[in-house]
Amino acid sequence: MGTHLLTGGRIYSPASPDATAMAVTDGTVVWVGADHVGRALHPDAQIIDLAGAFVAPAFVDSHVHLTSTGLSLDGLDLAEVTDRESCLRALAAYCDRAPEGELIWGLGWDDSAWPIPGPPTTAEIDAIAGGRPVYLARIDEHSAAASSSLRALVDDLETLPGFDPDQPLTAEAHHQVRGRARALITPAAGARAARRALDDALAHGIVAVHENGGPDISGLGDFAALATIDHPVLIRRYWGQLATDADHARELMSATGADALGGDLFVDGAIGSHTAFLSSPYTDDPAGRGVNYIPAEAVLAHLRACTAAGVQAGFHIIGDAATDIVATALDTVVAEFGSAVVARCAHRVEHAEMVTRAQAASLAAAGVTASMQPLFDALWGGPGDLYEQRLGAERVAGMNDFAGLAREGVNLSFSSDSPVTSMRPWETIRAAAHHHDPESAVSPRAAFAACTRGGWRAGGVNDGVSGTLVPGAPAHYAVWDVDDLVVAASSPRVQRWSTDPRSGVPPLPDVSPGAALPRCLRTVSAGAVVYDTGALDAAETV
């Protein structure tokens with residue numbers, strides 16, 4: 001590939017906070033510094049004029065569902081509907097243009113934000129769709145409204161936990177209906193959807209994603225098909241199935257082709273669907289504490305099995321009772337194997353929205369990474385929002401405590417859970433830095449690290465350079481059009497900004513509320529351009 005010298009921009013590098021140039025040779029960063037020095041050191045390099053653009057490490061999204069994301073991008077997206085009537089109108093309009101008899105797969109409704117809460121009913125869906133199968137997932141994908149024709153494909157559905165004849169399905173009833181809906185998506189359609197999602201990732205500076213699959217979320221066929229897709233985005237695949245012992249863990253890895261056994265391995269569900277497992281009842285459902293899908297003994301057995309096999313494990317945990325199950329199991333395996341052995345496995349937890357200080361200490365002692373979604377707080381964490389409706393103000397105050405987890409030594413990796421939220425890393429960074437509770441916020445710099453270095457660490461890559469732009473690092477980077485570069489204040493809980501060049505800290509784009517977020521001009525993976533708007537072409541010279 002030879003050497004390329006990027007000049008005339010701003011390079012985000014801890015090796016040279018004021019860098020304006022970067023040299024890349026054969027897919028590796030070899031130098032960062034000032035323009036004139038770079039030209040002297042690399043006289044034969046191909047020059048790329050950045051024309052003032054900002055260059056930063058490319059992003060990693062450590063929790064995605066690619067096929068569902070693609071279906072949402074090109075299908076029935078209900079995220080913007082404002083009430084049940086507009087939801088039903090969107091369904092009717094989509095049915096009118098969709099091929100006759102084709103599955104209608106919709107996603108994104110959230111009746112907690114509607115003036116009058118109340119999801120679409122089976123009868124209302126049937127009146128619009130007739131006999132065609134319809135699956136309309138709630139935004140968290142842990143419950144769904146479904147047509148009678150789709151429900152009829154599951155034998156004895158009415159006997160399963162979470163069944164309701166006219167309201168959305170939850171728990172096992174939802175898992176079974178989702179599986180039947182998924183089976184109606186052809187392999188070709190699934191592959192198109194996954195590629196669409198991967199293209200969207202590149203357009204937002206993302207070069208690697210972690211697919212969180214499992215029997216209840218994606219199915220093995222869809223999961224296996226992702227390994228055959230030829231695309232520049234690196235895909236690490238997590239399979240959410242329990243192992244009983246070390247040999248079984250190795251067998252599952254071999255049979256599925258997975259990179260790890262975790263991801264959406266559901267210990268519980270979601271707060272919005274009333275299935276997150278809580279230690280005390282929901283405020284708006286005093287009879288309910290959610291659902292515990294995996295008992296404590298099975299969680300412990302899985303952690304033991306994966307640790308003994310040297311396999312990365314992980315769990316989906318949201319409610320505080322679910323978190324306690326995993327934290328207690330981690331304490332046990334650390335006592336049995338030793339913290340160094342457990343930490344080498346790089347186990348992880350997904351979401352981790354309700355974590356006490358003691359539980360955070362257990363995660364840290366085991367070297368666990370928390371893959372979290374700051375946009376959840378931005379969407380649902382504020383006063384009067386979904387979390388407060390479900391849990392009350394007191395419990396919401398300690399949710400998604402990024403700063404608290406970091407202080408206890410827990411590795412953080414920020415992600416989207418796409419299609420629950422979009423793969424928009426700068427929006428994620430803004431949300432983490434402007435948490436509804438300032439005590440739980442982290443600095444933009446820490447949030448950026450959690451979207452870059454943190455993502456590589458979450459995938460077991462801990463070489464000290466991946467996710468940075470320093471000599472020796474893989475040349476995974478993106479070029480951005482930005483309005484302002486600023487240096488965050490030293491305290492993540494003090495929302496001040498400084499542009500003092502004496503700080504020794506490389507500046508980042510301004511992610512304050514209302515500021516224009518960066519626009520991706522080019523994405524580069526291992527030195528190869530994999531997404532390009534063409535905006536730099538006029539400035540480049542050879």
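Reply: In helix α4, residues 122–129, the residues Thr122, Ile125 and Ala129 are buried, where buried means under 20% relative accessible area, exposed over 50% and partly exposed in between, with a 1.4 Å probe and protein chains only. Helices (H or I, at least four residues) and strands (E, at least two) are DSSP runs numbered from the N terminus.

Me: Why are they on the same side of α4?

Reply: They cover an arc of only 65° around the axis, and so they are on the same side of α4; the arc is that of the directions from the helix axis to the C-beta atoms. This is a predicted model, in which local features need pLDDT of at least 70, side-chain atom pairs count only at pLDDT 80 or more, and totals for chains, interfaces and linings use all residues. Residues are numbered from 1 along each chain as its sequence is written, and side-chain values use heavy atoms, with hydrogens and water left out.

Me: What covers the buried residues of α4?

Reply: The cover includes α3 (84–97), β10 (134–138), β11 (144–146) and α5 (148–151), with contact meaning heavy atoms within 4.5 Å. From strand β11 comes alanine 146, which touches Thr122, Ile125, Val134, Arg151, Leu169 and Val177, leaving aside residues up to four places away in sequence.

Me: And is alanine 146 buried or exposed?

Reply: Alanine 146 counts as buried, because its relative accessibility is 1%.

Me: New topic: how many disulfides does a search of the whole structure find?

Reply: The search finds zero, a disulfide being a pair of cysteine sulfur atoms within 2.5 Å. For cysteine 95, the closest cysteine sulfur is in cysteine 87 at 11 Å, which is too far for a bond. Cysteine 306 is in no disulfide either, since the nearest cysteine sulfur, that of cysteine 345, is 8.0 Å away.

Me: Where is pLDDT under 50?

Reply: It stays under 50 over residues 489–503, for which the model has 27 contacts beyond four places in sequence; pLDDT is the predictor's confidence in each residue, from 0 to 100. Where pLDDT is low, the predicted coordinates should not be read in detail. For the protein, the mean pLDDT is 94, and 96% of its residues reach 70 or more.

Me: Last one: which elements each supply at least two residues of the lining of the largest pocket?

Reply: They include α2 (66–74), β9 (104–109) and α14 (374–380).
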